[in-house]
Amino acid sequence: MDDDEINRAVLAYLNKKGFNREELALEEDQNKSLSSSAPPTHPESQRGSVKYQEEYDNLRSWAYGSLDLYKRELLNMLYPVFIHCFMDLVAKGNAQEARSFFNSFREDHEMMHLRDLQKLEGVLSPSHLEDMEYAHSLRQSKMNIRICKYSYELLVEYLQKMKSISILGIVNEHINFRVYSGQPGLKLDDIEDEILFGNNQDAALHINKKEVRWGLLKDSFEERLEKVVSDSEKSEGDGKEVDLEETKKRLVEGGKQKKLKKDKSVGAIGKNARSETNSITMPPRMITEPAVPVMPTEVEKSILEDLRNRVKLNSLALPSVSFYTFINTQNCLNCLSISHDGSLVAGGFSDASLKVWDMSKIGQANMQKEHESAANENALGSGEGRKSYTLLQGHAGPVYSATFSPLGDFILSSSSDSTIRLWSTKLNANLVCYKGHNYPVWDVQFSPLGNYFASASHDRTARIWSMDRIQPLRILAGHLSDVDCVQWHVNCNYIATGSSDKTVRLWDAQSGECVRIFIGHRSMILSLAMSPDGRFMASGDEDGTIMMWDISSGRCVQPLLGHSGCVWTLAFSCEGTLLASGSADCTVKMWDITASAKVARTEENSKTGNSNRLRLLKTLPTRSTPVYSLQFSRRNLLFASGVFSK
């Protein structure tokens, strides 16, 4: 008995017993199976899928065979054409042809766009194009490519000559060419040379026209203390000038005269440095809505002492670095954070624990053990008997971020369990558990005032919290992918967020409105830092690129190239003259930032090229230790930490 006879017998039985619904359902299933098993009758769609591959292959060969002068710009155009050819094939239901096309040419673009290709690799049906927000945004918005006039004319002439109808349709619908006159440029610092994916450039330009109050806090505590310190330095300087005149009269010997000349030259350098700093316009003072908290008298005295002893850093005077290396962590240490004075170090682990080390106690313990033979006893957190750390437990998943409050009396930690916890360093206990995110929380940061904090999550939002409330005050939504890092502006009026969608956004903390979109990175943003004067922002990405942004204009001052691995941490010196960057390439780099103010002022006065470039001052290699965190103390000592990797 064949299948047809069996089906007829079953239908007759259902009809006999009165199962009418079941009979109709079985007949529909049989009709569907017959239609699906029938041979395909769409030769036109098959020819269309083959045509996509042929046209793209020909365009690729033509671009690679073009003159070197125009090749770079023509190759930039291949990636958007490639992904839209793939998505068009998926949208037309040619899943197998789309997969074959994707695998045939993906190697050309893996170096620059690996993460994007990994996202699109999961698109297998037209419904996926609608459900995946990244793919949906790509199809809804145009990609901007900057190209010279001659390259553009060559491209249009080729497409018309070859009658590449499919490619022409993609170019007209999904690519916006920004044609400029002249020869192709090779400027690395021109943000418009980047290809922008999934972002509405017009909307970004409109948002970036909004006013941003980038100044410092008015009547802040540190401002008052700095006035006291500067007044005391002036009075001490007057006395030193009198002593210097007496010393000059006594120095008559040849050797001493040479020494005096050397002192004069050093003094001249100091005068030049002072004149440079004086030439920089002072940032305006802004009032923040939250009141500045009252500090205890002991803390005021401590900060005043730090400001009196602060070392002035510049390109000739680099900071001292204190590096904390963690060993024997079994690849479980996810994050590190250092308190502002460097006395405490907190680490988040994959076993859901948070550990806090008191560096003064570790120093005492190491002095007692310096004559012992067991070398591992000197390592941070490696003692088996007496623990050198405080263990804080409460999270239900790996801890991804930890941060100290400005005074070091509290710690915030975020975890994959979608919660944020507040810990007391004095009580060594968990005080509050904040719930609001729906997915893992990648980063959390205290505000400079300490009473508010911000968090970044896999749910593509950042949130603003108050320490005395368990629910968020603001939800900052707008990124197209994970929000990986968050950073407060120094005046507490704004919050910056870095995302896997390759953009940085600046948000108004009061209204929750996005006031800036910074576009230019080619990979996910992993670290952010604000300059002490509030005018500039630095961002580091997965490719090792650091970009310096002018917050007022929303433009990139200049990219800083030098790292070969992810830039995990950034920190400005207290005066804002230096930027320190820590990377997975096991180095700490020092950058001269004083040129950034000059570059910004030149761009405001004239639209000429950047003659003054930010420069790399020094590279400090570690011994196989990726740099997790950097922190400048108030005295301008640089603290760094990392995990030793064999």
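1. Strand β20 (residues 503–508) and β21 run antiparallel and are joined by five bridges. Across this pair, Leu506 stands opposite Arg516 in β21. Strands here are DSSP runs of E with at least two residues, helices are runs of H or I with at least four, and both are numbered from the N terminus. Two strands count as paired if DSSP finds at least two bridges between them.

2. The model is predicted, so local features need pLDDT of at least 70 and side-chain atom pairs count only at pLDDT 80 or more, while totals for chains, interfaces and linings use all residues. Residues are numbered from 1 along each chain as its sequence is written, and side-chain values use heavy atoms, with hydrogens and water left out.

3. The pair in point 1 belongs to an open sheet of four strands, in the order β18-β19-β20-β21, with antiparallel pairing. β18 (483–488) and β21 (514–519) are the edge strands; each has a single partner strand, so one side of each is left without a neighbour in the sheet. On average, neighbouring strands of this sheet are turned by 20° against each other, direction ignored. For such angles, axes are lines fitted to C-alpha atoms (for helices over the stretch in contact), and angles run from 0 to 180 degrees between N-to-C directions.

4. Another open sheet of four strands has the order β10-β11-β12-β13, and its pairing is antiparallel. Its edges are β10 (399–404) and β13 (429–435), each with a single partner strand, so one side of each is left without a neighbour in the sheet. From one strand to the next, the twist averages 20°.

5. Two pairs in this sheet can be followed residue by residue. β10 is joined to strand β11 (residues 410–415) by five bridges, and the two run antiparallel; Ser401 has Ser414 in β11 as its bridge partner. Strand β12 (residues 419–424) is joined to β13 by six bridges, also running antiparallel, and Leu422 stands opposite Val432 in β13. The hairpin of β12 and β13 has four residues between the strands, and Asn428 in this hairpin takes a positive phi near 55°.

6. Two other residues deserve a check of their backbone angles. Most residues other than glycine have a negative phi. Gln330, however, has a positive phi near 55°; Gln330 sits in the loop between β5 (321–326) and β6 (333–338). Arg460 has a positive phi of about 70° although it is not a glycine, and its place is the loop between β15 (452–457) and β16 (461–466). Gln330 is exposed, at 61% relative accessible area, whereas Arg460 is partly exposed at 32%. Buried means under 20% relative accessible area, exposed over 50%, and partly exposed in between (1.4 Å probe, protein chains only).

7. Asp88 is found in helix α5 (residues 78–91). Asp88 is buried, with a relative accessible area of 14%. Not counting residues up to four places away in sequence, Asp88 touches Tyr52, Arg139 and Ile170. A contact means heavy atoms within 4.5 Å.

8. For the protein as a whole, there are 17 helices and 31 strands. Of its 646 residues, 47% are buried. Among contacts with a separation of 6 or more, 58% are between residues 24 or more positions apart. The protein exposes about 33,100 Å², with carbon and sulfur atoms supplying 50% of it; accessible areas come from the Shrake-Rupley method with a 1.4 Å probe, and for residues only the protein chains shown count as cover.

9. In the model, the span 326–360 is 6% helix and 54% strand, with its end C-alpha atoms 16 Å apart. The span 392–424 is 0% helix and 61% strand, with its end C-alpha atoms 10 Å apart.

10. The mean pLDDT (the predictor's confidence in each residue, from 0 to 100) of the protein is 79, and 73% of its residues reach 70 or more. Over residues 37–42 the pLDDT is below 50, and this stretch has one contact in the model beyond near neighbours in sequence. Over residues 247–281 pLDDT stays under 50 as well, and the model has 12 contacts beyond four places in sequence for them. Where pLDDT is low, the predicted coordinates should not be read in detail.
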